[in-house]
Amino acid sequence: MNDSYVQVTEVGLRDGLQMVKTILGTEQKLEWCRRMVAAGCADIEVTSFVPPKIVPQFADSDEVARGALRIEGLRASALVPNLKGAQRAFDTGLKNVHYVLSASNEHNLKNVRRSTAQSVDDFSNIVAARDETGRRDIKLGAGVATAFGCTIAGRVDEAHVLRIVETLLKAGADHIAIADTVGYANPGQVRKMMRQVLALTGDRSVTCHFHDTRGLGLANVYAALDAGVRSFDSSLGGLGGCPFAPNATGNINTEDTVFLLESEGMKTGIDITALLGVRELVASWLPGEPFVGAIARAGLPKTFAENTEAYHALA
Ligand code: COA
Ligand code: ZN
């Protein structure tokens with residue numbers, strides 16, 4: 001398409017790990033981060049501030065966040081489902097905090113035990129809590145999950161999603177994420193939705209978060225690129241899925257996403273060969289978990305001129 005930079009955020013440590021049975025040690029999680037940064041992937045969602053009894057994998061979220069902040073070159077973010085999670089994230093010193101709610105009321109009730117309307121309202125309380133810390137350098141992202149459909153409710157109305165985005169922007173979101181939590185989106189739907197989202201967001205950044213549940217993950221990335229989106233979430237080996245969405249599967253695969261973007265002449269700053277090394281290490285820690293992906297299976301084509309320029313050199 002063109003020669004621009006596209007941000008790829010690794011969410012394997014958050015979305016990827018929330019369904020995994022093996023609980024990784026804090027040091028392993030930080031090693032994963034260090035290796036991703038060394039591979040050129042500097043944007044990482046490192047953990048989720050949820051109660052440990054809901055997702056035991058994230059019992060060490062404070063330590064992971066603090067450890068991640070000590071890794072040079074890493075731009076760490078974390079997911080929060082409510083005000084309490086946001087306050088915990090602020091306390092660690094994180095500068096990028098991602099709040100999530102679902103456009104589908106049914107999914108939101110299952111996921112965070114309140115209505116979508118309540119979750120939208122709660123975002124204002126999170127903005128106020130951030131302002132009270134006096135730290136305007138904390139960027140607050142707001143993500144809309146099940147934005148393209150829901151396994152429980154079925155259809156999710158596009159106009160409803162856009163109204164939520166507008167409200168979140170008015171409330172002070174610095175960043176918007178649009179998520180296909182359950183892999184219902186198709187490219188036409190993505191192109192249409194993302195054009196409208198970008199018309200609302202102006203100079204605030206927008207990320208797409210796709211799952212490859214039905215095989216359209218990368219096609220949806222392409223459609224979002226076409227609409228003008230330049231930031232994507234993905235997870236190493238396609239790990240992931242929401243524990244509160246029936247039949248959920250993994251995110252789009254980081255290696256394959258970077259391959260698509262670089263093949264289109266876009267720059268991610270990420271070295272795919274190094275990424276495959278990280279994948280091998282993480283897979284060895286998680287026996288029995290599905291690690292999927294075409295590039296890991298088939299290798300890079302001989303004709304692929306890898307772009308290994310570091311992001312900082314591009315910035
Ligand atoms: N971190 C740690 N503890 C938290 C918390 C958080 N983010 N939010 C609430 N708690 C604690 C409360 O302090 C309270 O503790 P107590 O029983 O000792 O008083 C307890 O959890 C219940 O609090 P409440 O506000 O009633 O929460 P809830 O039971 O209604 O659950 C959520 C709401 C949002 C915390 C829960 O549904 C959740 O964690 N959902 C996220 C699920 C997820 O990770 N989905 C995948 C990512 S999209
Ligand atoms: Zn997800």
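## Ground rules

The model is predicted, so local features need pLDDT of at least 70 and side-chain atom pairs count only at pLDDT 80 or more, while totals for chains, interfaces and linings use all residues. Residues are numbered from 1 along each chain as its sequence is written, chains are lettered from A and ligands numbered from 1 in the order in which they are written, and side-chain values use heavy atoms, with hydrogens and water left out.

Helices (H or I, at least four residues) and strands (E, at least two) are DSSP runs, numbered from the N terminus.

## The zinc site

Let's start with the metal. The zinc ion (ligand 2) has three kinds of entry in its donor list: D15 through OD, H209 through NE2 and H211 through NE2, at 1.9 to 2.1 Å. Donors here are N, O and S atoms within 2.8 Å of the metal (3.2 Å for Na, K and Ca); water is not among the atoms, so sites may look incomplete. Along the sequence, the donor residues follow the spacing D-x193-H-x1-H.

Distant parts of the chain are linked here: D15 sits in helix α1 (residues 12-16) and H211 in the loop between β7 (205-210) and α9 (217-227), 196 residues apart. D15 is buried, with a relative accessible area of 3%, and H211 is buried too, at 2%. Buried means under 20% relative accessible area, exposed over 50%, and partly exposed in between (1.4 Å probe, protein chains only).

## Around T146

T146 belongs to the loop between β5 (139-145) and α7 (158-171). Its phi is positive, about 50°, although T146 is not a glycine, and its relative accessibility of 0% makes it buried. A polar atom of the T181 side chain lies 2.8 Å from the backbone nitrogen of T146; a polar contact is a pair of N or O atoms within 3.5 Å, where within protein one must be able to donate a hydrogen and the other to accept it, and residues adjacent in sequence count only if both atoms are side-chain atoms. T181 is found in the loop between β6 (175-180) and α8 (187-201) and is buried at 8%.

S102, in strand β4 (residues 96-102), is buried with 0% relative accessibility. Beyond its neighbours within four places in sequence, S102 is in contact (heavy atoms within 4.5 Å) with H107, N108, T116, A145 and T146.

## A helix pair and an exposed loop residue

Helix α4 (residues 83-92) packs against helix α6 (residues 116-133) at an angle of about 25°, with the axes 9 Å apart. Axes are lines fitted to C-alpha atoms, for helices over the stretch in contact, and angles run from 0 to 180 degrees between N-to-C directions. The two helices are therefore roughly parallel to each other, a label for angles under 35 degrees. The contact is made by L83, A86, Q87 and F90 of α4 with N125, I126, A129, R130 and T133 of α6.

In the loop between α5 (105-112) and α6, R113 has a positive phi near 60° while being a residue other than glycine. R113 is exposed, with a relative accessible area of 66%.

## Helix α9

Which residues of α9 are buried? They are G217, N220, V221, A223, A224, L225 and A227. Their cover includes β6, α8, β7, β8 (231-234) and α10 (254-263). Just after α9, G228 takes a positive phi of about 115°.

Note on methods
Parallel < 35°, antiparallel > 145°, perpendicular 65-115°, else oblique.
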